[in-house]
There are 2 protein chains.
Amino acid sequence: MESIFETLLTSEEIPEELKERMGEHVRIQHVKKGDLLQSPGALNPGGFFVRKGLLRCYVLDEKGKEHIYMFAPAGWAIGDVEAQAFEKPSSFYVDALEDSEIIVAIEGMHNNYFESLSNEAFPGEMMRLMRRVGVLQRRVIMLMSATAKKRYDAFLKTYPDIVQRVPQKMIASYLGITPEALSKIRKEMVSK
Amino acid sequence: MESIFETLLTSEEIPEELKERMGEHVRIQHVKKGDLLQSPGALNPGGFFVRKGLLRCYVLDEKGKEHIYMFAPAGWAIGDVEAQAFEKPSSFYVDALEDSEIIVAIEGMHNNYFESLSNEAFPGEMMRLMRRVGVLQRRVIMLMSATAKKRYDAFLKTYPDIVQRVPQKMIASYLGITPEALSKIRKEMVSK
DNA sequence: CGTGGAGTTGAATACGATCAACACCGGTGG
DNA sequence: CCACCGGTGTTGATCGTATTCAACTCCACG
């Protein structure tokens with residue numbers, strides 16, 4: 001059942017299964033650190049599956065401040081799921097935090113999104129969605145109930161690799177606090 | 001494509017489609033206000049689809065304080081999606097806020113969860129999941145970036161019906177603030 | 001009637017945001 | 001090679017929002 005993921009990650013070409021299903025609407029792409037892949041308002045926004053590298057998904061508030069919704073290292077998919085499925089405009093920016101190799105699923109699938117999914121593809125899609133729901137569940141609980149320090153502790157445990165790879169201010173943004181606050185939390189932690 | 005939802009909501013019996021797929025593992029149940037349907041740690045926890053009434057999903061923190069993860073009025077499904085799919089213990093309490101009529105999907109399906117989903121069932125399942133991801137997306141963004149007052153405003157717009165039906169302290173719990181804070185926010189609002 | 005939960009109000013407190021100043025690199029161009 | 005620069009992170013002072021704790025009112029329900 002995991003094979004779809006593994007194929008997506010390792011095969012030289014786009015998996016046959018995926019090609020059949022999506023036709024011309026899918027391709028492998030190499031992007032560079034800093035490249036902007038999607039902006040809010042895009043109609044029929046694509047989804048991105050990361051083979052190598054690291055993507056980021058975020059919004060800007062009315063003051064222009066960034067709020068990072070999620071990180072996507074290799075093996076993860078990113079994008080505005082709801083917008084993809086229900087023909088809404090996307091609500092997120094997506095950009096690359098490292099040089100990355102990704103699979104892009106682009107426009108054109110929206111007319112028959114659900115019908116276009118083959119039998120074999122379904123379990124993979126479902127698993128991805130459910131995993132994502134799980135991540136979001138924990139994220140909501142954290143944001144509702146835990147202090148900044150506890151959220152940071154949880155982040156360190158859950159994403160130890162990501163901590164090394166992104167600037168600290170982005171961790172802060174993901175946690176919903178300011179860079180200054182995170183800096184002070186870290187200071188507290190080393191002192192004991 | 002919506003027909004599955006409508007059937008679930010209105011038909012006297014459990015839809016044939018669902019029975020075939022889940023066999024004995026699904027049933028209609030009437031629950032009373034206050035009934036506890038699920039606790040954290042339950043193995044192979046079920047999911048609940050609400051036909052009438054209102055369910056609630058929440059956690060307790062180490063101080064025993066409730067944090068409401070979601071409300072489920074008629075037409076919504078509730079439960080720990082990740083736990084259902086990946087054979088983890090559930091992390092939530094689920095109880096009834098009103099006398100409710102629900103469809104319960106119970107244990108036994110876990111061994112072949114993905115395989116057990118029939119072709120016709122898939123689009124419905126997928127849509128439900130994607131809709132849920134959309135709700136969670138907005139919830140995360142709200143919790144990260146908006147003040148208590150703005151979160152309350154958004155809640156009023158999004159769930160005007162629910163506001164009438166649950167005690168105020170539960171709204172506060174859902175918003176991630178204390179009942180006192182919500183009380184003061186409301187006072188501010190009427191004064192201008 | 002009373003009793004307990006829900007909501008309100010106020011005072012004191014705590015946590016994180018904001019603002020400003022500064023140290024510390026890692027380029028880039030002179 | 002060095003001077004300069006912008007971005008990142010740190011630190012401190014101050015401010016604001018929400019929490020905590022306590023007292024009180026108001027009902028709904030026994």
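In this predicted model, helix 8 of chain A gives the most to the surface near DNA strand D, contributing six residues. In total 16 residues surround DNA strand D, and the closest are Pro167(A), Gln168(A) and Ser183(A), together with Ala148(B) and Ala181(B). By residue class, the surface near DNA strand D divides into seven charged, five nonpolar and four polar residues.

Two copies of a chain are related by a rotation about an axis and a shift along it. Here a rotation of 180°, with 0.0 Å of shift along its axis, superposes chain B on chain A with an RMSD of 0.0 Å. The two copies are therefore related as by a two-fold rotation axis. The same surface serves both copies, in that 100% of the contact residues of chain B recur in chain A.

The contact itself takes 29 residues from chain B and 29 residues from chain A. On the side of chain B that touches chain A, strand 5 (66-73), helix 3 (81-86) and helix 4 (121-145) of chain B each supply at least two residues, and the largest share, 18 residues, comes from helix 4 of chain B. The residues of this side of chain B divide into 18 nonpolar, six polar and five charged, whereas the surface near DNA strand D has five nonpolar and seven charged residues.

Key
Residues are numbered from 1 along each chain as its sequence is written. Chains are lettered from A and ligands numbered from 1 in the order in which they are written. This is a predicted model: local features need pLDDT of at least 70, side-chain atom pairs count only at pLDDT 80 or more; totals for chains, interfaces and linings use all residues. Copies are superposed by least squares on the C-alpha atoms of residues with pLDDT of at least 70 in both. Two residues are in contact if their C-beta atoms, placed from the backbone, lie within 7 Å. Helices (H or I, at least four residues) and strands (E, at least two) are DSSP runs, numbered from the N terminus. Ala, Val, Leu, Ile, Met, Phe, Trp, Tyr, Cys and Pro count as nonpolar, Asp, Glu, Lys and Arg as charged, and the others, Gly among them, as polar. A residue is near a molecule or strand if its C-beta atom, placed from the backbone, lies within 6 Å of it.
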